[in-house]
Structure formats: C-alpha cells, structure tokens
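Notebook open, structure up on the screen. I'm jotting down what I looked up, one topic at a time.

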Amino acid sequence: MTIDKLLARESIRATIANYTIAGDRMRIDDFLSVFTEDAILESEFVPAQDAFRYEGLEQIKQWITRWRDGLQTNETPIHKATFIRHHLATSQIELIDRYSAEGRTYWTAYTDIGPDHAGYYVDQFRKTNDAWLIAHRRVRLDWRAHNSLFLDAVTETR
C-alpha cells in the first residue's frame with residue numbers, strides 16, 4: 001500500500017467520523033460539509049415508516065434542520081432521547097481510483113436506554129479538491145430495541 005492510499009483512507013475515515021459527530025451534535029454546517037453538492041442520503045432495507053431519500057445538499061440541509069428544530073420544540077419531539085451517540089465499528093474502505101472509493105461501516109446508536117438501534121452505512125466517496133466527501137450514503141437498519149427512543153423519529157422529520 002502506498003502513502004497516497006493510506007492518506008486517502010485516513011481522510012475517508014475522518015469524513016465518516018465528522019458525519020457522526022456533527023449529526024449527533026446537530027451541527028448543521030459541519031454535517032453538510034461531509035457531502036458532495038449532488039450527494040444522495042437515503043435509507044435502504046428499513047420499515048416503510050423509516051424510509052427516506054434526499055438528493056443534493058439543499059434537501060439534506062432541510063432534513064437535518066427539521067431534526068434540529070424539532071428537538072428544540074415540545075410540540076412534536078423528534079425522539080425521546082436526551083442524548084444520542086453513534087459508535088462506529090468495523091469500517092472497510094475500497095479505493096476504486098484516485099477520485100472514488102466505496103465503504104461499509106457498522107454503527108450502533110446509544111441513547112438513555114443503552115443500545116437503541118444499529119446498522120451499517122454503504123457509502124460512495126468522491127475526492128473533491130483535497131477532501132474525500134460522501135457522494136451517496138445508504139443507511140441500513142439491522143436492529144432496533146423494542147423500547148427504542150427513535151421509533152417515530154424519521155416520520156417526524158418529513
């Protein structure tokens with residue numbers, strides 16, 4: 001493996017971590033900074049009430065803004081958790097060429113109840129300027145606790 005490949009993989013790992021931290025902390029600008037302008041963020045293999053698809057930064061921004069704004073009101077809470085922390089586990093990154101890569105990363109979300117839900121991301125990355133950004137993220141849900149604090153969360157962001 002070359003130094004360039006190691007640096008590319010490490011940059012992609014930083015992008016994955018930045019997505020997670022920005023999303024958990026509802027830092028919208030930081031969250032958006034990990035995506036390409038034409039990015040797609042969608043769910044796959046989830047129950048119908050959890051399905052979503054957003055294309056382009058503007059749609060992704062509107063969606064994450066609804067999450068943040070919904071947490072700041074008591075009218076329609078997005079979820080019942082006082083905190084959310086996504087823990088990343090195994091991450092496999094395959095460099096396709098100098099400007100594209102694919103990845104798969106396992107995650108578990110912890111809330112007030114402990115492990116709340118878990119799944120994995122299937123990603124396509126694109127090198128834009130000096131950064132590796134998410135061009136397409138598929139969020140797949142493997143498991144959810146019977147008492148998950150996020151049961152209606154996706155529905156509340158539509």
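Predicted model: local features only at pLDDT ≥ 70, side-chain atom pairs only at ≥ 80, totals over all residues.

**Salt bridges**

I started with glutamate 55 and arginine 53, whose side chains meet in a salt bridge at 2.9 Å, N to O.

Next I checked how open glutamate 55 is, and at 44% relative accessibility it counts as partly exposed. Arginine 53 is also on my list as partly exposed, at 40%.

Which residues do the salt bridges with shared partners join into one network? I get Glu42, Arg53 and Glu55. The glutamate 42 to arginine 53 bridge is 2.9 Å, N to O. Glutamate 42 sits in strand E1 (residues 35-44) and arginine 53 in strand E2 (residues 53-55), so this pair ties together parts eleven residues apart in sequence. Buried or exposed for glutamate 42? I have it down as buried, because its relative accessibility of 10% falls under the 20% cut-off.

I then went to arginine 138 and glutamate 44, which form a salt bridge at 3.2 Å, N to O. That one links distant parts of the chain: arginine 138 is in strand E6 and glutamate 44 in strand E1, 94 residues apart. Arginine 138 is buried at 16% relative accessibility, and glutamate 44 is buried at 18%. The salt bridge count comes to eight.

Aspartate 152 is in the segment after strand E6 (131-144), and it is partly exposed with a relative accessible area of 46%.

**Rings**

How many aromatic pairs are there? I get nine. The tyrosine 19 and phenylalanine 31 rings have centres 4.9 Å apart and planes at 35 degrees; that angle lies between the 30 and 60 degree limits, so I call the pair tilted. Tyrosine 19 is in helix H1 (residues 3-25) and phenylalanine 31 in helix H2 (residues 28-32), twelve residues apart. Tyrosine 19 is buried with a relative accessible area of 7%, and phenylalanine 31 is buried at 3%.

I also looked at tyrosine 106 and tyrosine 120, an edge-to-face pair with 6.3 Å between centres and 85 degrees between planes. Tyrosine 106 lies in strand E4 and tyrosine 120 in strand E5 (residues 114-128), so the pair ties together parts 14 residues apart in sequence. Tyrosine 106 is partly exposed at 40%, whereas tyrosine 120 is buried at 14%.

Back to tyrosine 19: ring pairs link Tyr19, Phe31, Phe35, Trp107 and Tyr121 into a cluster. I then asked over which rings the charged end of arginine 137 sits. It sits over the ring of tyrosine 19, 4.1 Å from the centre, and over the ring of tyrosine 121, 3.7 Å from the centre.

**Strand pairing**

Strands E3 (residues 85-97) and E4 (residues 100-111) pair in the antiparallel sense over ten bridges. They form a hairpin with two residues between them.

**Surface patch**

Leucine 7 is in helix H1, and I noted it as exposed at 54% relative accessibility.

Key
Residues numbered from 1 in each chain as written. Heavy atoms only, no water. Pairing = 2+ DSSP bridges. Helix = DSSP H or I, 4+ residues; strand = E, 2+ residues; numbered from the N terminus. Phe/Tyr/Trp six-rings, centres within 6.5 Å; stacked < 30°, edge-to-face > 60°. Buried < 20%, exposed > 50% of the residue type's maximum accessible area, 1.4 Å probe, protein only. Lys NZ or Arg CZ within 6 Å of the ring centre and 35° of its normal. Salt bridge = Lys/Arg side-chain N within 4 Å of Asp/Glu carboxyl O.
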